[in-house]
Amino acid sequence: MGVRRRLTQPLARRLTLSWCRRLHAARRRLAPGRYTDCDPFRLISVDPDTITHSLLESAPKYPQWGRVVGGDWDQHGEPFADRSVPRGLRQRFVEGRPWDETALFDAFVDQLERFGNAWGYRSLAGFDARCAEIEALSESLNADGYRRQERLATVDTPRLAHRADEIGVDIGRDGEIYWRAYGQHRLALAQLLGLDSVWVVVHRRHRRWQARRDRLRNEPQNVTNTSHPDLASVSAVSR
């Protein structure tokens with residue numbers, strides 16, 4: 001994971017969102033059934049408590065921004081709260097355990113052993129620094145709420161890298177939002193802190209869910225219950 005990010009992030013920092021959107025539009029013209037009508041890099045505001053399951057273990061390791069995918073992939077979600085990071089953060093911030101007695105410590109060690117890199121650190125000596133970062137993140141979220149990555153980076157023109165670092169999700173056939181990649185600590189902390197909303201970027205939508213978007217766009221009078229945050233983007237101006 002660390003190697004892949006080191007290879008792809010320099011490119012992602014150079015690519016503008018406007019270029020990526022043009023590429024998506026070209027792909028949709030060629031294969032409309034495989035790509036969504038939605039701006040694939042649009043940020044959607046969601047209640048963090050509605051994200052209860054994860055598809056990380058079964059999702060492809062490469063980004064799928066804007067893809068429409070059929071099949072049963074959305075039937076294999078695992079409870080997000082059972083993951084090591086959310087469990088570790090609960091143990092620390094709710095139960096008051098020392099950091100090295102939480103599941104986060106075990107996850108850090110596991111990442112080092114498997115990848116030689118754990119959240120940017122290459123040795124166990126980095127664990128304390130990582131914990132300090134999480135403490136600071138918790139304070140920031142509590143004080144200021146969830147802020148977009150480009151605003152934290154104070155840039156006027158967002159690049160692909162800023163969207164790539166947002167909380168990545170997939171949307172299943174019935175509209176369930178699954179955590180898929182990146183922003184795991186932010187999402188878990190937002191849930192613990194009781195934040196009203198976080199920003200997410202959607203990677204893939206199930207074909208059945210995309211069909212609902214299509215009906216809303218083409219036959220809005222025949223679609224009820226349009227309160228889902230992804231459906232709001234059908235007629236909204238892209239961010």
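At 21% relative accessibility, F105 counts as partly exposed, the class between buried, under 20% relative accessible area, and exposed, over 50% (1.4 Å probe, protein chains only). This is a predicted model, where local features need pLDDT of at least 70, side-chain atom pairs count only at pLDDT 80 or more, and totals for chains, interfaces and linings use all residues. Residues are numbered from 1 along each chain as its sequence is written, and side-chain values use heavy atoms, with hydrogens and water left out.

The structure has 6 aromatic pairs (Phe, Tyr or Trp rings, the six-membered one for Trp, with centres within 6.5 Å; planes under 30 degrees apart are stacked, over 60 edge-to-face, the rest tilted). F105 and F127 make an edge-to-face pair, 5.1 Å centre to centre with 85° between the planes. F105 is in helix α4 (residues 103-115) and F127 in helix α5 (residues 127-144), so the pair ties together parts 22 residues apart in sequence; helices here are DSSP runs of H or I, at least four residues, and strands runs of E, at least two, numbered from the N terminus. F127, at 4% relative accessibility, counts as buried.

Next, E166. It is in the loop between α7 (160-164) and β5 (167-171). Is E166 buried or exposed? At 0% relative accessibility, E166 counts as buried. Setting aside neighbours within four places in sequence, E166 contacts (heavy atoms within 4.5 Å) several residues, including Y146, R148 and W199.
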